[in-house]
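Me: I am new to this structure. How should I go about reading it?
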Amino acid sequence: MATWQCVKQCGACCHLDPIDRPDLDHYLTPAELEQYLSLVGKDGWCIHFNAETRQCNIYFDRPRFCRVETEVFKDLYDIEPEELNDFAIDCCRQQIEGVYGDRSLELLRFDRAVGI
Ligand code: SF4
Ligand code: SF4
């Protein structure tokens, strides 16, 4: 069975351009939406994303909506804990495909890491 994990040298979910996420207001509170939009840089990437290391500069203080945690996913997307693994894999694959492409090294590395 595939098991979700976040892989290094990815960062696809830190590409926050709201054009690619038209339903943000369906799952974020107004305050979170405001916070989300305040993070979007001119290039569509989060202002806290380090493009060289592909890491979050505020990892330990990152917002709730950046966290793949059972309570967060239940609250934001109504995903039960037992559904989280498959849901998170689908989210990552979708995000990686959108940012890097469906033939990208990033997608290949993600699939290998999770066991697809
Ligand atoms: S898209 Fe998934 S694998 Fe890539 S950085 Fe985000 S959580 Fe990690
Ligand atoms: S705060 Fe960190 S984890 Fe969240 S989108 Fe920005 S760089 Fe990514």
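This is a predicted model: local features need pLDDT of at least 70, side-chain atom pairs count only at pLDDT 80 or more; totals for chains, interfaces and linings use all residues.

Me: Which residues are around ligand 1?

Reply: Begin with the list of neighbours, then sort it. Around ligand 1 are Cys6, Val7, Cys10, Gly11, Ala12, Cys13, Cys92, Gln95, Ile96 and Phe110. By class, this shell has eight nonpolar and two polar residues, and no charged ones.

Me: Which helix gives the most to the shell around ligand 1?

Reply: That is α4, residues 81-100, which contributes three residues.

Me: Now a helix. Which residues of α5 are buried?

Reply: A residue counts as buried if 20 or more other C-beta atoms lie within 10 Å of its own. In α5, which spans residues 105-114, Glu106, Leu107 and Phe110 are buried. Seen down the axis of α5, these buried residues fall within an arc of 95 degrees, so they line one face of the helix.

Me: What do the buried residues of α5 pack against?

Reply: They pack against α4. That helix also gives the most to the shell around ligand 1, and Phe110, one of the buried residues of α5, is itself among the residues around ligand 1.

Me: Which residues are exposed on the other side of α5?

Reply: Leu105 and Arg112 are exposed there.

Me: What does the backbone do just after α5?

Reply: Look at phi, and note whether the residue is a glycine. Just after α5, glycine 115 takes a positive phi of about 95 degrees.

Me: Where is glutamine 9, and is it buried or exposed?

Reply: Glutamine 9 lies in the segment before α1 (24-27). Its phi is positive, about 60 degrees, although glutamine 9 is not a glycine.

Me: Where is arginine 54 found?

Reply: Arginine 54 is in the loop between β1 (49-50) and β2 (55-56). Phi of arginine 54 is near 55 degrees, again a positive value in a residue other than glycine. With 15 other C-beta atoms within 10 Å, arginine 54 is partly exposed.

How values were computed:
Residues are numbered from 1 along each chain as its sequence is written. Chains are lettered from A and ligands numbered from 1 in the order in which they are written. A residue is near a molecule or strand if its C-beta atom, placed from the backbone, lies within 6 Å of it. Helices (H or I, at least four residues) and strands (E, at least two) are DSSP runs, numbered from the N terminus. Ala, Val, Leu, Ile, Met, Phe, Trp, Tyr, Cys and Pro count as nonpolar, Asp, Glu, Lys and Arg as charged, and the others, Gly among them, as polar. A residue is buried if 20 or more other C-beta atoms lie within 10 Å of its own, exposed if 12 or fewer, and partly exposed in between; C-beta atoms are placed from the backbone. The arc is that of the directions from the helix axis to the C-beta atoms. Two residues are in contact if their C-beta atoms, placed from the backbone, lie within 7 Å.
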